[in-house]
Amino acid sequence: MNSSACCTRKQKLFNVSESRETMVIVLGEQQNGKFKKATFEVVYYGKKLAEAKGTSCTALVLGEVEDPGQLGRYGADQVLVVSDPELNTLDTQQYTAVMKQIVDQHQADTVVLPHSTTGKALAGRVGIAIDGSVVTAVNALPEVNGSCTVSRPVFAGKAIATYQLNGPRKVITVTGNSIKPEEIGAPVQAEQIQADLPARKVRIKEVKRATGSTPLPEAELVVSAGRGMKGPENWGIIEELAETLGAATACSRPVSDADWRPHHEHVGQTGIAISPNLYLAAGISGAIQHLAGVNNSKVIVVINKDPEAPFFKAADYGVVGDLFEVVPRLTEALKKFKSQG
Ligand SMILES: Cc1cc2nc3c(=O)[nH]c(=O)nc-3n(C[C@H](O)[C@H](O)[C@H](O)COP(=O)(O)OP(=O)(O)OC[C@H]3O[C@@H](n4cnc5c(N)ncnc54)[C@H](O)[C@@H]3O)c2cc1C
């Protein structure tokens, strides 16, 4: 990215004729014109919150997206689309400005965002713009009983904090993979609207996306490895296990610091926080900073040759053994199991 001054853009008029009471607005995050999995999760979350409040849920889609009306299936009562190509890539100032306009116009009191890079970048900005209370990384459906109570893990997942949001406006981000979205509605007719876009102050020169079958934050199965791998040349056994399982790959921080693996695979306090259904860790000690990013996994399997490795305390299943023996045998067993049916 490169900062540069931009000339003023042709102003567009916000064009929603009647003001409707839509109390929960969710952001339908997209990439390359397709919704991310996290979008279905936040729409479902937004609908459940709206139902508990006795109101409706509107999905706001920014940029050009295929079939935005499909969000109705996950509970959106209404889908609004600002299909300006300039919104295809995130500009936090533009997104914040548009979201504020929609929130004000619809007298919404709650904004729900995915706890993705986009959602994290927007939560504080939108919170300030609409004068709302912000809670990030919630991982369970809210309780609505007069006020709205949400919960999120704290202290590297060792405790759960509950927050009562008493202010008139709220911004919530929902951790990916923590809510299982259900199809509770039907597709709706998306409504094209226009909004005032402030001129971009940042010009995006190039976008390089992480490659790989499943983006790590969205992955339901993750195979991860650490310094116990001894070097990048040994990663073939991890990739083969991941491929057999249909899992994404991750790593500990020293591994990405040493350039054994790309930085987008680094999980933990200073990396990505994930909450897959399965996190399988081979040759990772389980330092607190690593656990901070993976403690929300539903099932943790640890392979380590040291029976005293701290990771075993956080594991649901543990194998004490040499990963160079255990991992290929596990892959072989999985391949056999899959070939049987
Ligand atoms: C401020 C700060 C932030 C940090 N943030 C992060 C973060 O976000 N993510 C992160 O991961 N770390 C982070 N760290 C680093 C963290 O403290 C640990 O140093 C790091 O997680 C250790 O990585 P590791 O487990 O891969 O390596 P090691 O600690 O070296 O552990 C390697 C493990 O492999 C096992 N092993 C070795 N050979 C084999 C074998 N053949 N078979 C099976 N097991 C084997 C060993 O018994 C050992 O348990 C941070 C540190 C600080 C200070």
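Predicted model: local features only at pLDDT ≥ 70, side-chain atom pairs only at ≥ 80, totals over all residues.
**Cores.** I then turned to the nonpolar residues. The largest nonpolar core has 55 residues, and Val 111 is listed among those that touch the most other members, together with Val 26, Val 42, Val 43, Leu 60 and Val 112. Helix α1, residues 37-53, gives this core its largest share, eight residues. I found another core lying apart from it, with 37 residues, including Ala 219, Ile 284, Ile 300 and Ala 314.

**Whole chain.** I noted eight helices and 19 strands in the protein chain. The C-alpha trace spans about 65 × 45 × 40 Å along the principal axes. I recorded 45% of the 341 residues as buried. For contacts between residues at least 6 apart in sequence, 68% join residues at least 24 apart.

**Ligand.** Last, I checked the surroundings of the ligand. The shell holds 26 residues, of which Gly 226, Gly 228, Ser 252, Arg 253 and Gly 268 come nearest. At least two shell residues come from each of α5 (253-257), α6 (288-294), β18 (299-304) and α8 (323-339). I sorted the shell by class and got eight nonpolar, 13 polar and five charged residues.

Notes
Residues numbered from 1 in each chain as written. Helix = DSSP H or I, 4+ residues; strand = E, 2+ residues; numbered from the N terminus. Buried ≥ 20, exposed ≤ 12 C-beta atoms within 10 Å, placed from the backbone. Contact = placed C-beta atoms within 7 Å. Near = placed C-beta within 6 Å. Nonpolar A, V, L, I, M, F, W, Y, C, P; charged D, E, K, R; others polar. Core = buried A, V, L, I, M, F, W, Y, C linked by C-beta atoms within 7 Å.
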